[in-house]
Amino acid sequence: LPEYPGWGAPMSRRSAAWLAVVALGLSACAHGHPETVSPLVPTPASALRLPPTEPVATGPFEPPAIQRARLSNGLSISYVRVPNADYVELMWVAPLHGRDQEARLLEEAIELQFAGAPFPLRVSADDERSLRVQLTCEPAELESALQLMAAVVTNPPSPETTRWLASELKVLQLRASLNLTHKALSRMRKHFALDRPPARAWSTEKPLDLYELAALHRELLASSDTTLIVIGALDEAALPQLAQKHCGSLPLAAASTLPAARDRTERAGSDESETIAFLPIPEPAALIAFGFALPPDAREQTVALTLLVDSLGGGLSSLLSASLREELGLTYSVTTDYEVGVEGGMLYGTFLTPPDRVPEALRALRETLTAARSGPDRQAFERVLRRSRESMRRGADRAQALAGYAARAVCQQTTPDLRVTFADLERVRPQDVAALATQVLQQPLIVIVGERSVRASLQWEDATVLDD
């Protein structure tokens, strides 16, 4: 592979000015700046004035058929031609399976290593539980873009990159520790045994080793469960051969395995009691996360699952937003989502709330989730169904949106066939979502990330409180 200028040099944007901005942000958090650690005062939905959106086309709809193939080395590729696109979107997707902290090091390393590449790389870790390397190119540049993607996989971090990461390791870990959502969801995945054992535990007490970082690069990016996604203005007939030429000979290591099925539930307290895990932080803030285990066949019910999640926390009109935000003013917003894989998954949600209102927020959350077990009412069902259909229609002719959809299918190990998904949207019934809600929304795991004073307020007779 040819050498591109600047691959071994640290990025110029990692300057003293950039680090100063980070330092100011950390200082603001440490001193309790209200805009960084406290939820904003909710704005009633009636006060919002959103710009009008373009009308969504109606009538017959034929989603593009995302093709799948496997190269000679076992690498999976997903690709499709988008008629209206004038560019090509490439994405290398590597599922993390619990190696989030390690992936953040690689995110920094890849951006440093390939700062001078001819196509700007967009690298993100923990997006849909994956490490993604993404770039956009012109159709005539596709072969060069594939060559660059192969270089990312085969070129581990250089000594210069490793030295920079070692010098900034404490800053990187401190930044990660301030991500309250990440802390809560990591604890939740451990509870539901959804993560594979981390390959390594990185510590600020030992130097960052060049050979260990190279091994981490190989384990994550060159694993047999990675996928190359190519979507946009391309020749579908020629793409597999082109991908084979540049990526078909890449050495891929075997992926690690998940814990055995019998170990997939952490027994903490009785089955009849609610479990609350408390994670202390020194900042005057509080984040509440809730999660429910999903059944092994959740991958076959992703449409009903999407509608259930959307009805709980998808926008200001959702059930949790109406209760926690509009009625009680406990938070600015509620986020809900789900993760699924071959052995189940979890439905989860998160929201920030003032530390002194945590008990009130927990009571309201309990009541709302209990009411949600019967599923969304007819009006809410029609609203979330219409939103899902419109979202699919809007994204069907956009290469970036399709690439994101294909990447999510890779991480969830579900079919990327939009035609199947849209057909399921046409067939889904309110009783399907209600049945799933009744099955899933039983005893949740509650994770609270907050200051020590919050812990004293967690005196629940019918809950098991764990101190992590």
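Of the 62 residues that make up the largest nonpolar core, Ile231, Ile288 and Ile448 touch the most other members. A nonpolar core is here a set of buried Ala, Val, Leu, Ile, Met, Phe, Trp, Tyr and Cys residues joined through side-chain atoms within 4.5 Å; buried denotes a relative accessible area under 20%, exposed over 50%, and partly exposed the range in between, with a 1.4 Å probe and protein chains only. A second, separate core has 47 residues, among them Leu121, Leu142, Leu213 and Leu239. The model is predicted, so that local features need pLDDT of at least 70 and side-chain atom pairs count only at pLDDT 80 or more, while totals for chains, interfaces and linings use all residues. Residues are numbered from 1 along each chain as its sequence is written, and side-chain values use heavy atoms, with hydrogens and water left out.

Ile448 illustrates the contacts made by a member of the largest core. With neighbours within four places in sequence left aside, Ile448 is in contact (heavy atoms within 4.5 Å) with residues including Ile276, Phe278, Leu287, Ile288, Val358 and Leu458. Over the chain, 83% of the contacts with a separation of 6 or more are between residues 24 or more positions apart.

The chain contains 17 helices and twelve strands, defined as DSSP runs numbered from the N terminus (helices: H or I, at least four residues; strands: E, at least two). Of its 468 residues, 50% count as buried. The accessible surface is about 21500 Å², and carbon and sulfur atoms contribute 53% of this area; such areas come from the Shrake-Rupley method with a 1.4 Å probe, and for residues only the protein chains shown count as cover.

A search of the whole structure gives one aromatic pair. The pair is formed by Phe290 and Phe292 and is edge-to-face, at 6.4 Å centre to centre and with 70° between the planes. By definition, rings of Phe, Tyr and Trp (its six-membered ring) pair if their centres lie within 6.5 Å; planes under 30 degrees apart count as stacked, over 60 as edge-to-face and the rest as tilted. Phe290 is buried at 0% relative accessible area, and Phe292 is buried at 1%. Phe292 belongs to strand S8, residues 286-294. Apart from residues up to four places away in sequence, Phe292 touches residues including Phe192, Met346, Leu369, Val440 and Pro444. The C-alpha atoms of Phe292 and Ile446 are 9.2 Å apart, although 154 residues separate the two along the chain.

Two arginines are placed over tyrosine rings. The charged end of Arg325 sits over the ring of Tyr332, 5.1 Å from its centre, and Arg408 lies over the face of Tyr338 at 4.8 Å from the ring centre. The criterion is that NZ of Lys or CZ of Arg is within 6 Å of the ring centre and within 35 degrees of the ring normal.

Ser78 is located in strand S2, residues 76-81, and is buried with a relative accessible area of 3%. Beyond neighbours within four places in sequence, Ser78 is in contact with Ile66, Gln67, Arg68, Thr227, Leu228, Ile229 and Val230. Pro430 is in helix H16, residues 430-440. Pro430 touches Arg378 and Phe381, residues up to four places away in sequence not being counted.

The search for disulfides (pairs of cysteine sulfur atoms within 2.5 Å) finds zero in the whole structure. Cys137 is buried at 3% relative accessible area, and Cys247 is buried at 0%.
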